[in-house]
Amino acid sequence: MSRTTPPRPLDVAAVFPQLAPLARTATRLHPRPGSPSPHDSSVGGPLLWPAGEPWPYCDGPHEWDGLNVPLSPEDVRVQRHIRAMVASRPAGIPEMSRYTPEERATDNRINDGRPWPEGPIAMLPVAQLYVRDIPLLRPPGQAEADLLQVLWCPFDHPAHPRTALFWRSAAEVTDVLGTPPEPPAVQFPGYVPEPCLLAPEQVTEYPNFMELTKELQQRLRDRSSWQAAGAAVDSSYADAPEELYKKWLSVSPGWKTGGWTRWGLTDPMDRTCAACGTGMDPLLTIAASEWNSGTENWAPVGDQARDPLPPGTPPAHYTSIDLAGGYDLQLHACPASPDHPHLELIQ
């Protein structure tokens, strides 16, 4: 099913021409629950991984935090299924009574946890993106590469999972690995992505407010600048019209490739390649949710009514990923070479 972002309330580059050269195209991925195959673009789905190529492992360190009970990926999947079944039963029944005896026994067994793993840890698939679905996704200097695969170690290093990127030509993979290894345990259930199919959509983005020049920031704060250009600013933004730019007109929420970097946890910082000093570009944003209370205007048409989630669930939390208390993990890549190390940024 296609997903379409609602039209923006105005063409902000027409109101503020200084923004026009800063426009970038981002591809919102719109993950939704599904059963992807290795030949699909997906989140948390099986990878088109060559049978003869070693699976990536993380050498650690993997130190127990002393608090969280480690579970296996399969434990996480089973527990999610049980809780979905419980949530589907009549709400008038007390929650504990909605479990069958078998479900309760299984849930208790899972909650006992697994031994903390030792040695290298098999990485988990996070995303697989085909260029045919996301045409702007191309590595520099590798014209034949048409597939990006992202994996991570489901343990903190030190505050989020460590990621690994692989570019390859899909046509060269003739023998696909059937049963990839999985880690014996993960640090948090939110580090196990739920399989999702994608519905890519291109949108136009402008820089985060904090990345604009002081002069342009001041113009966006001045309501008369909007009015002089004929832009109608809603009364709710009368005292702070720059909030309209921040929430409606700049950086889209959710999973995406390209576009502009999100900020909020920290002020903007330099993103330069450790190998060559080149400025790095946003590659992939791994999001905890597709929108939140401040960005619901970016929710695809009909989504809020069509896809209700259980009470207390973050909006559009289809991937079940939870990072750093609801923040996003943004991967940046060097435009000079795909062999240079990428950058991980939590915001």
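**Reading the backbone and the packing**

Modeller: Ala 324 is partly exposed, with a relative accessible area of 36%. This is a predicted model, and the values discussed here are computed from it.

Biologist: What is the phi of Ala 324, and where is this residue found?

Modeller: Ala 324 is not a glycine, yet its phi is positive, at about 50°. The residue is found in the loop between α7 (303-306) and β13 (329-333).

Biologist: His 30 has a positive phi as well. Is His 30 buried or exposed?

Modeller: Buried means under 20% relative accessible area. His 30 counts as buried because its relative accessibility is 1%. His 30 also is not a glycine and has a phi of about 50°; it is found in the loop between β1 (24-28) and β2.

Biologist: Which peptide bonds are to be read as cis?

Modeller: The bond from Gly 60 to Pro 61 is cis, with omega near 5°. Pro 61 belongs to the loop between β4 (57-58) and α2 (73-87). The bond from His 157 to Pro 158 is also cis, with omega near -10°, and Pro 158 lies in the loop between β7 and β8.

Biologist: How are the strands β7 and β8 joined?

Modeller: Strand β7 (residues 147-156) runs antiparallel to β8, and eight bridges join the two. Within this pairing, Leu 148 stands opposite Trp 167 of β8.

Biologist: What is the order of the strands in the open sheet of six?

Modeller: The order is β2-β9-β3-β6-β7-β8, with antiparallel pairing. The edges are held by β2 (32-33) and β8 (161-168); each has a single partner strand, so one side of each is left without a neighbour in the sheet.

Biologist: Which residues of helix α6 are buried?

Modeller: In α6 (residues 242-249) the buried residues are Glu 242, Leu 244, Tyr 245 and Leu 249. Around the axis they cover an arc of only 155°, which puts them on the same side of α6. They pack against α1 (12-15), α4 (214-221) and α5 (223-228).

Biologist: What is the general idea behind a nonpolar core, and how many residues has the largest one here?

Modeller: In soluble globular proteins, nonpolar side chains tend to be buried together. Here the largest nonpolar core has 36 residues, and those with the most contacts inside it are Leu 129, Leu 137, Trp 152, Trp 255, Leu 284 and Ile 286. At least two residues of this core come from each of β6 (124-130), β7, β12 (281-286) and β13. β6 gives the most, with four residues.

Biologist: Which residues does Trp 152 touch?

Modeller: Leaving aside residues up to four places away in sequence, the residues that Trp 152 touches include Met 123, Leu 124, Val 126, Tyr 191, Ile 286 and Leu 329. A second, separate core has 18 residues, among them Leu 10, Leu 212, Trp 226 and Tyr 245. Tyr 245 is also one of the buried residues of α6.

Methods
Residues numbered from 1 in each chain as written. Predicted model: local features only at pLDDT ≥ 70, side-chain atom pairs only at ≥ 80, totals over all residues. Heavy atoms only, no water. Pairing = 2+ DSSP bridges. Buried < 20%, exposed > 50% of the residue type's maximum accessible area, 1.4 Å probe, protein only. Arc of directions from axis to C-beta. Contact = heavy atoms within 4.5 Å. Core = buried A, V, L, I, M, F, W, Y, C linked by side-chain atoms within 4.5 Å.
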